[in-house]
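I opened this model to look up its cores, its ring pairs and its salt bridges. My notes are below, in the order I made them.

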Amino acid sequence: MDDLARAEYPAMLPHLQPNQATQILNDRIKRIGKVNTEIADWLQERRRVEEQYVLGLRKLAQFRVPNAQSELGAFQTPWARILGAVERIAQSHHQFATGIERDVEIPLRGFQQRNDVLNINTIATNLTNVGKELEDARDKADKLNKKGGKASSQKMDAASVKLDSSQQEWDSQAPFVFETLQALDESRVNQLRDALTQYQTHESDQAQRTQTIAGETLAVTIEIETESEIRGFVQGAVGDRPMAPRRSSTRPPGNARLGDPRKHI
């Protein structure tokens, strides 16, 4: 065991019976694959949320009300930028969804197809068989020992040889199998860390792109001048029309009074 590059997992072996060790080995291998699959499934759902959002944004971009026929006045240019921003944001979220699938989800799913993963399954099966043989050899030797002098010396010798052989094979193989498991586990942790880092990087980039788009649209919107809207409305309503002629009054002059009606009673 001193020659092992990774000694932490092999160091568990002296504390475990062969059947316990192989159970831990197989459970860990299954868990390694399960964690990646579970996270990849979650990322798939995360990607689908983005894809649905992209569809919603692009549908919204086609909802052209108000449109070019609307009298937006000073808001015409900012509103056009807002509509354009919707499509830009949709493209950004599409880029995010693509990055999740390409750089995170697919690599995690592909982990199970790596050669070192396929190999660990094979050697784990072999070690399980070695462990079973060792357990059987121990059980047989124990039963013969309990018989004492009733057991034939030939059977005792054969059981002892089998036990020694099985123990040597276990002691030879088990540490290196557990070292291989540790190497695989370290690789898995590194890959998962890198994958989730890539996911967060994509999310951060997406947020930055959205912030940039919103900032550009905001810069145009805050430049809207109330006076411009008012002047524009007046100019549109009046244009180059000349001053409208004033009509002369039809009211009788102030000194042309009617007689007192009481004089006619």
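The entries that follow begin with the ground rules and then go through the contacts.

**Ground rules.** I am reading a predicted model, in which local features need pLDDT of at least 70, side-chain atom pairs count only at pLDDT 80 or more, and totals for chains, interfaces and linings use all residues. Residues are numbered from 1 along each chain as its sequence is written, and side-chain values use heavy atoms, with hydrogens and water left out.

**Cores.** I looked up the nonpolar cores, meaning sets of buried Ala, Val, Leu, Ile, Met, Phe, Trp, Tyr and Cys residues joined through side-chain atoms within 4.5 Å. Buried stands for under 20% relative accessible area, exposed for over 50%, and partly exposed for in between (1.4 Å probe, protein chains only). The largest core has 18 residues, and Leu25, Leu127 and Trp170 touch the most other members. Helix 1 (18-61), helix 3 (115-147) and helix 4 (153-221) each give two or more residues to this core. Helices here are DSSP runs (H or I, at least four residues), numbered from the N terminus. Apart from this core I found another, of ten residues, including Val35 and Leu192.

**Rings.** I then searched for aromatic pairs and found two. Rings of Phe, Tyr and Trp (its six-membered ring) pair if their centres lie within 6.5 Å; planes under 30 degrees apart count as stacked, over 60 as edge-to-face and the rest as tilted. Tryptophan 42 and tyrosine 199 are edge-to-face, at 6.1 Å centre to centre and 90° between the planes. This pair links helix 1 to helix 4, across 157 residues. Phenylalanine 96 and tyrosine 199 have ring centres 6.3 Å apart and planes at 20°, so I noted them as stacked. Phenylalanine 96 sits in helix 2 (residues 76-110). Tyrosine 199 is buried at 6% relative accessible area, and phenylalanine 96 is buried at 1%.

**Salt bridges.** How many salt bridges does a search of the whole structure find? I got 18, each being a side-chain nitrogen of Lys or Arg within 4 Å of a carboxyl oxygen of Asp or Glu. Aspartate 185 meets arginine 28 at 2.7 Å, N to O. Aspartate 185 lies in helix 4 and arginine 28 in helix 1, so the bridge ties together parts 157 residues apart in sequence. I noted aspartate 185 as buried, at 3%, and arginine 28 as partly exposed, at 31%. Arginine 88 and glutamate 216 form another bridge, with their closest N and O atoms 2.9 Å apart.
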